[in-house]
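Hi,

Here is the structure I promised to pass on. Have a look at it first, and my notes follow below.

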Amino acid sequence: MNAPRHLLYFEPVHKRIRAEFGGETIVDTTGAGLLFETGILPVYYVPESDVRTDLLTRTDRTSHCPVKGDAAYWTVTAGGRTAENAVWGYPDPIAPWLKGYVAFYWDSMDAWYEEDEQVFGHPHDPYSRIDILKSSRRVKVSRNGEVLAESSRPVMLFETGLPVRYYLPREDVRLDLLEPSKTTSYCAYKGEATYWSHGGEDIAWTYERPLREAEPVRDLVCFWNEKTDVEVDGEPQERPESPWS
């Protein structure tokens, strides 16, 4: 059976969703929907009636999506600041259930909240989760024949759609072979990561102040499976194919 190459799925969100910009609450809704679209992170679509449209100005920008329709755009102005073309919607959508809804570029807003808790990175996907488990399996990490870490007390993190990640105590990692990197990144489920480099390339990271769900990996070191050679109980692991390969 051949599945469609591009799918849309719109699901109600049973949470209060808010967005702030320039000291103003731009969105405050209990009627949001989460749009799942092939190859794209989920996006909140919110009813126009729950948006501060008095702070929005329609622009000349347009775009076309073959499965959603022709998009119109708005600029947000608040607190003496401007977020250009930060909002889009489909006045006459191909997907009729998008009519009356608009969406925001996540990073254009200052803060997003689900209920009273701030959410970072992107909306939480109810079909994506992390499981974090202590293990006694022996994990060895090497690169170009040099052992960078070896531990029999890994914490294994299983995240939907991603390779298994092995978080190791710093005492079991050759930190003398690594250099702290200036790179940082943010995960909606784990928090802000800081990185370690080897040979001028970022190959490992740490969550020093993880979000609640990721507390068990606080201060542990995890290496890219994609950039290192990993053995588990003496068995070499294939380097996975992922966006970080």
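Of the 245 residues in the protein, 47% count as buried. Do keep in mind that this is a predicted model. As for overall dimensions, a box of roughly 60 × 50 × 30 Å, taken along the principal axes, holds the C-alpha atoms.

On secondary structure, the count is 22 strands and 0 helices. I also looked at how far apart in sequence the contacts reach. Taking contacts between residues at least 6 apart in sequence, 49% of them link residues at least 24 apart.

At the β22 end, the neighbour is β21, covering residues 229-232. These two strands run antiparallel and are joined by 2 bridges. If you want to find the spot on screen, go to Glu231, whose bridge partner in β22 is Pro236.

Last item, charges: the protein carries 41 negative side chains and 27 positive ones. How far apart do the centres of the two sets lie? The answer is 2 Å.

Cheers

How values were computed
Residues numbered from 1 in each chain as written. Predicted model: local features only at pLDDT ≥ 70, side-chain atom pairs only at ≥ 80, totals over all residues. Heavy atoms only, no water. Pairing = 2+ DSSP bridges. Helix = DSSP H or I, 4+ residues; strand = E, 2+ residues; numbered from the N terminus. Buried < 20%, exposed > 50% of the residue type's maximum accessible area, 1.4 Å probe, protein only. Contact = heavy atoms within 4.5 Å. Lys, Arg positive; Asp, Glu negative; His and termini not counted. Charge placed at Lys NZ, Arg CZ, Asp CG, Glu CD.
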